[in-house]
Amino acid sequence: MTIQQAFFSYFAGAIVALSLLVVTRKNPVHSVLWMLLLFVHIASLYLFLNAEFLAAIQIIIYAGAILVLFLFVIMLLNLRKEETEKRFQGQWPFGLAIGVVLAVFVVLIVGKIGVLPELGQYSVEAVKSEGHIMTVGKVLYTEFLLPFEIASVILLVAIVGAVVLAKRSLE
Amino acid sequence: MVPLSWYIVLSAIVFSIGVFGFLARRNLIIVFMSLELMLNSVNISLAAFSHYLQSMRGQILVFFIITVAAAEAAIGLAILIAFYRNNPTIKVDEINLLKG
């Protein structure tokens with residue numbers, strides 16, 4: 001086992017363990033805090049894949065914005081008495097069975113993948129010579145310009161929608 | 001060198017944990033967090049494919065997924081607050097107004 005594989009094994013094991021903690025903790029605040037640690041580990045995995053900008057985005061947006069939103073909502077709702085009740089629904093064994101079947105299914109399929117498409121032009125050296133952010137930006141603002149604009153509209157809809165939904169009365 | 005299949009297997013396992021949390025938990029906030037978990041596992045596999053196929057498209061897709069995830073979390077939690085105001089519960093099995 002090379003050093004990269006050893007590091008990957010640590011991060012993979014930590015990610016699996018942390019995701020199990022996220023879905024099984026009773027207190028939602030504990031779940032959010034484990035999820036923060038999980039996102040830091042996923043960002044480290046992006047560094048493995050030479051995607052520095054993705055790692056930064058993962059920390060800034062997921063850990064910095066989305067998780068804080070979750071914490072705010074948990075704080076706004078008074079959930080003291082819910083913590084003493086059951087954490088799983090009655091049908092949780094079916095959920096577990098579906099999850100296990102899905103995982104086994106994908107793991108069995110992965111061994112069968114033999115044909116991959118031909119390699120693109122963005123090799124590690126090509127990205128390194130230009131810088132990762134510049135490479136991403138060039139692709140994002142040329143080939144993916146229309147999806148980029150649509151994403152900005154989606155964000156606008158989310159901003160307006162969140163305000164309208166959470167407001168008590170619209171007058 | 002880490003093989004590509006390791007990333008795919010990791011992604012599949014995390015996705016399945018997310019599916020389990022989504023189907024089994026009663027707390028609506030944790031159901032939303034399981035959804036984020038699933039989106040993150042897809043991001044891992046997209047970034048891995050992007051690296052191993054030396055293409056940029058996977059990483060661009062990860063950006064769009066993060067954007068949509070942020071919008072989805074904002075809207076979903078706003079709906080949650082609006083619902084909680086009328087009907088103070090966030091347990092999934094007690095939210096059954098449409099059941100008839």
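Predicted model: local features only at pLDDT ≥ 70, side-chain atom pairs only at ≥ 80, totals over all residues.
Residues are numbered from 1 along each chain as its sequence is written, and chains are lettered from A in the order in which they are written. Local features need pLDDT of at least 70 and side-chain atom pairs count only at pLDDT 80 or more, while totals for chains use all residues; side-chain values use heavy atoms, without hydrogens and water.

The secondary structure of chain A consists of seven helices and zero strands (DSSP runs, H or I of at least four residues for helices and E of at least two for strands, numbered from the N terminus). The radius of gyration of chain A, taken over C-alpha atoms, is 21 Å, well over the 16 Å that the globule rule (2.2 Å times the number of residues to the power 0.38) gives for 171 residues, so chain A is more spread out than a compact globule. Of these 171 residues, 34% are buried, that is, under 20% relative accessible area with a 1.4 Å probe, protein chains only.

Between the chains, His132(A), Val136(A), Val139(A) and Leu140(A) of helix α6(A) meet Gln59(B), Ile60(B), Phe63(B) and Phe64(B) of helix α3(B). The residues of this contact comprise six nonpolar, two polar and no charged (nonpolar: Ala, Val, Leu, Ile, Met, Phe, Trp, Tyr, Cys and Pro; charged: Asp, Glu, Lys and Arg; polar: the others, Gly among them).

Definitions and conventions:
Contact = heavy atoms within 4.5 Å. Buried < 20%, exposed > 50% of the residue type's maximum accessible area, 1.4 Å probe, protein only.
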